[in-house]
Amino acid sequence: MQETPFCLRVGHLHPYSMSGNNTTDFTNPSTFILMGIPGLEAAHVWISIPFCTMYAIAVLGNFTILFIVKRDRSLHGPMYYFLCMLAVTDLVLSTSILPKMLSIFWFNSREIDFNACLTQMYFIHCFTGIESGIFVAMAVDRYVAIWDPLRHSTILTNPVVVKIGLAVVLRGGIVVLLYPILARQWPYCRTNIIPHTYCEHIVVVKQACADIHISIYYGLFLIVSGMGLDMCFITVSYIQILRAVFSLPTKDARLKTFGTCISHLCAISSFYVPALFSFLTQRFGQNVPQHFHVLMANAYLLVPPMLNPIIYGMRTKQIRDRLLWLFTYKGT
């Protein structure tokens with residue numbers, strides 16, 4: 001008996017009529033199979049331990065930031081509003097991948113519905129863009145606070161902060177709409193197996209048996225016009241901030257402010273470096289091992305949500321003092 005082609009087993013047929021060239025059209029598979037980290041399947045359970053730890057710290061830290069800012073009216077200012085936006089974004093980003101990842105690692109539950117895969121793809125890339133935009137907004141806030149502190153509250157008023165936040169969210173939400181729309185159009189008659197822990201855009205569309213250059217080019221356009229420009233704005237802002245830092249009158253003030261700037265830059269780098277590495281090597285890094293691709297792709301979604309509350313929250317004196325006061329108050 002002749003074996004059924006693999007594309008017939010993973011795809012579903014459209015109603016069709018036999019034409020002169022005897023072709024058949026296929027729709028998308030009903031499910032994808034997420035393989036986890038290729039080549040490291042035997043270590044999945046052990047790998048889940050640091051991932052779980054990072055997620056637990058991220059959830060605890062970001063909810064703590066949200067709770068403190070909500071409770072303390074003295075923290076109702078531009079810097080802390082942006083910090084809350086960053087906390088919510090980090091919670092969404094990390095939560096969008098970890099539950100499914102753990103079901104793969106712990107229970108070998110690899111299937112994901114096609115529509116759920118596209119939804120996960122949208123949320124991941126949407127909130128990645130939002131996080132990048134928030135970093136730009138926070139850099140601008142710090143720039144204004146240092147260079148023109150007397151006018152900071154009149155420049156970054158609450159309506160201005162709302163408009164900035166809305167612009168960041170709309171940009172992140174709209175520009176990535178084409179990702180799932182295009183991904184839905186491609187026929188996946190080659191395979192429904194995805195060598196990844198989640199539905200990253202380029203990894204999914206690479207499984208299509210069609211010319212996907214439009215998806216590749218659009219992804220590159222978003223990387224350059226989105227994250228690339230954001231990085232330029234952040235770099236310019238921090239160069240100006242550092243110029244102001246070195247003009248401070250006392251050495252102690254310079255060292256303290258410089259240390260804060262460096263910690264912020266480390267947090268920003270922990271997001272951009274693995275993100276850009278993941279995006280670019282998926283397109284051009286043919287010689288990079290697949291398991292390294294996947295680990296880096298998970299790093300930029302789990303490490304920043306863990307670090308941001310520590311660096312932006314615990315190193316901020318007002319939040320640190322408020323947290324210590326809460327512990328002291330409850331202790332008494």
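Q: Which residue of β3 does leucine 34 stand opposite?
A: In this predicted model, strand β1 covers residues 31-34 and joins β3 through two bridges, with the two strands running parallel. For leucine 34, the residue standing opposite in β3 is isoleucine 194.

Q: What is the order of the strands in the open sheet?
A: β1 pairs with β2 in the antiparallel sense, and β1 also runs parallel to β3. The pairing in this three-stranded open sheet is therefore mixed, and β2 (111-113) and β3 (193-194) stand at the edges with a single partner strand each, so one side of each has no neighbour in the sheet. Read across, the order is β2-β1-β3.

Q: Are the residues of β1 buried or exposed?
A: Let's look at the side chains by direction. Thr31 and Ile33 point one way from β1, while Phe32 and Leu34 point the other way. Whichever way they point, all of them are buried.

Q: At about what angle does helix α4 run to β2?
A: Helix α4 is made of residues 114-147. This helix lies across β1, β2 and β3. Its angle to β2 is about 85°.

Q: How much space lies in the largest cavity?
A: The structure holds one cavity of 30 Å³ or more. Its lining consists of Met79, Phe82, Met138, Asp141, Arg142, Tyr238, His264 and Tyr312. By class, these are five nonpolar, one polar and two charged residues. The space inside the largest cavity is about 50 Å³.

Q: Which helix supplies the largest share of the lining of the largest cavity?
A: Two elements, α3 (78-107) and α4, each supply at least two residues of this lining. The largest share amounts to three residues, and the helix that supplies it is α4.

Q: Which element gives the largest share of the lining of the largest pocket?
A: This pocket has a volume of about 610 Å³ and is lined by 23 residues, with Met79, Arg142, Thr260, Thr316 and Gln318 nearest its centre. Two or more lining residues come from each of α3, α4, α9 (213-246), α10 (251-284), α11 (290-314) and α12 (317-331). The largest share is five residues, and it comes from α10.

Q: Which element gives the most to the lining of the second largest pocket?
A: The second largest pocket has a volume of about 330 Å³. Its lining has 22 residues, and Val175, Leu222, Ile223, Gly226 and Met227 lie nearest its centre. At least two residues each are supplied by α4, α6 (158-175), α8 (201-205), α9 and α10. With eight residues, the element that gives the most is α9.

Conventions:
Residues numbered from 1 in each chain as written. Predicted model: local features only at pLDDT ≥ 70, side-chain atom pairs only at ≥ 80, totals over all residues. Heavy atoms only, no water. Pairing = 2+ DSSP bridges. Helix = DSSP H or I, 4+ residues; strand = E, 2+ residues; numbered from the N terminus. Contact = heavy atoms within 4.5 Å. Axes fitted to C-alpha atoms, helices over the stretch in contact; angles between N-to-C directions. 1 Å grid on protein atoms, 1.4 Å probe; cavity = no way out; pocket = protein on both sides within 12 Å on 5 of 7 lines; lining within 4 Å. Points joined across faces, edges and corners; volume = space filled by probe spheres on them. Nonpolar A, V, L, I, M, F, W, Y, C, P; charged D, E, K, R; others polar. Buried < 20%, exposed > 50% of the residue type's maximum accessible area, 1.4 Å probe, protein only.
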